[in-house]
Amino acid sequence: MTRGHAKQMPHRPWRMLRIDHIAMIVVIAYLAGALGVWLGLWAINWAEITGAMWAAPSAEHWLGTNRLGQDIFSRAVAATATAFEIGVLVAVASILIGGLAGAVAGHFSGSPLDELILWLKGTIDAIPFYLLVIAIAFALKGHTMAMHLAMIVAFWTTTARVVRAETIRIGQAGFIEAAHAGGSTPTRIIFRHLLPNLVHVLLIQATLVFVAAIKAEVVLSFLGIGVQDSISWGLMLAEAGQDIMAGQYMNFLAASLFLFGLVLAVSLLADRLQDRLDPRTRHLRSVGIE
Amino acid sequence: MTPGIELLRFITRKLAASLPLIFGVTLISFTLTVHLGPDPAYAMLGKNPTAADLAAMQRELGQDQPFWQRYASYLRRLATLDLGHTESSGEKVRDLLARTLPVSFLLLAPGFVLGTVLALLLAMFAAWHRSGRLDRLITGMSVIGMSLSFVIIIIALQAIFGVWLGWFPVRGWEVHGPASYLNHVTIPTLAFVLASIGYNTRFFRAMLVNAMTADHVRTARAYGASPIHIMCRHVLRGCLLPIITRIVYSVPALAISGSLLMESHFSIPGIGRVTYQAILSGDQPVLMAVVGLSAVVFAVAVTVADLLCRLADPRIRLA
């Protein structure tokens, strides 16, 4: 095969397909791990002291133990469930609020309602994310759900922007006008005609928010204003920051590999999802929050 | 009308359009950090105050005034930088900011500049070799970079350079001159570059690839102009606007997480550590100042950047 010919071969989709499948399997493995935690099958004793301080990896403690003698592998697996809880809750709430706000703003574009939603969106985007979270945690006096609420408040805006733009585009297609002329109420138009046509956008946004929420949780828990009364990769990394000064790396390796694997797999899936479902809006994608 | 007056009117109108934004960010910061925050009257009275004492103190502090009156006095305090005293040390918040802001700037600026410039160069390279082996390598690496948490990067660098190799200090900020500055700023710079380069490269590459499809770029390529000439003269100019907007928007996202994480973890006396300690101790005057001022500064910065972009664009109509 000549080099020129090889360049025209669609070997890129084939490569991506394989990466897709691996990413999918990885996400399913994480999900299975989380399910087991929810069903109480494994990692139930993550908070108990089951060994010596900083025990080396062994058959009993696969990844050794931490400073207190707690099993690091159990903690990392239990933290998987926490990550899914935060990611799914924040993603679902954000796309519901953002989707509805975006559809309403787009359907009534140019109206005072649209202006109000745009103003709210612009205002929230102009407050730096971590300061908004800090302010909300402060106002709620350290409530355990303060972090979740803050993320939802901050993350619905991206979805609203994308959905608003898409709604305006769909509105030009004519069938919205037809439904309107046929006497459909705005509520019916939004729920029956607009939102079903936006499912792919919402799905892509959900995966992006899921990743953003998990990454933000790690930063916030590391700072001590995130997860409370539970275990998360961010809390493990906060411990690990102290551990490495004593030359102990298992906590760091476990938490960062678990975190990195899930974030990378979901990011790759989000990419593929976007390529397949909506190649046109690639440029609109959220560029993420670090 | 002379062009000068027209330009002035355009700028005034643009700045006036940002007033609702400033209103919004100050309203939210006031509600969260002052209105819903702890009542300072309790803190000032000490243990077991009577209801009458409390009411008297609230009146004295203006706590019994209606919401909008308190919001107005909050705006006045922000505008005149009359920010009160910290609860922990009693230092003036204004002095505290003046002392810590330069440290944070020195800590973050090299990483921010380097991260942006390197990402732009990588993105140009990838866009030029689009779909080639190098492009795939660069885009693949940037997805991996995006998946690495800032926290992971900081701890890994601390382990490698601070604990294993012992090349650079990973605690404190004893800067007395250029040499000690370089010594202290290297790890934060490296961390900042690693944390930002993935996102930036990917975004810049997407913009550049898009701009490269323009007809005049194809013509320039056909005439055999050098890649550097085409990239800088034609492609970059075609997508300068989203790139500048993106850079401005990444300042608060990256600078604040970087400042919070690195200063609290490495004990660097910058604004991030002050904020971090204020979160843990619930120091209301500090949080009010940090949240309120940065929201206002950012809202203004976004407006000014937008204005500059539009003024730099020869296609702009001032009407």
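## Exercises on a predicted two-chain model

**Exercise 1.** Find which residues of α7(B) meet which residues of α9(B), and describe how the two helices pass each other.

*Solution.* In this predicted model, B:I138, B:T139, B:S142, B:G145 and B:M146 of α7(B) meet B:L194, B:I197, B:G198, B:Y199, B:T201, B:R202 and B:R205 of α9(B). The crossing in which α7(B) passes α9(B) is left-handed.

**Exercise 2.** Work out how many residues each chain brings to the contact between chain B and chain A, and which element of chain B gives the most.

*Solution.* Chain B brings 50 residues to the contact and chain A brings 44 residues. Among the elements that give two or more residues to the side of chain B that touches chain A are α7 (133–147) and α9 (178–212), while α12(B) gives the most, with 9 residues. That side of chain B divides into 36 nonpolar, 14 polar and no charged residues.

**Exercise 3.** Decide whether A:D229 is buried or exposed, and locate the residue along its chain.

*Solution.* A:D229 is found in the loop between α9 (199–223) and α10 (233–243) of chain A. Because A:D229 has 6 C-beta neighbours inside 10 Å, this residue counts as exposed. Most residues other than glycine have a negative phi, yet A:D229, although not a glycine, has a positive phi of about 55°.

Notes: Residues numbered from 1 in each chain as written. Chains lettered and ligands numbered in written order. Predicted model: local features only at pLDDT ≥ 70, side-chain atom pairs only at ≥ 80, totals over all residues. Contact = placed C-beta atoms within 7 Å. Helix = DSSP H or I, 4+ residues; strand = E, 2+ residues; numbered from the N terminus. Nonpolar A, V, L, I, M, F, W, Y, C, P; charged D, E, K, R; others polar. Left-handed = near helix turned anticlockwise from the far one by under 90°. Buried ≥ 20, exposed ≤ 12 C-beta atoms within 10 Å, placed from the backbone.
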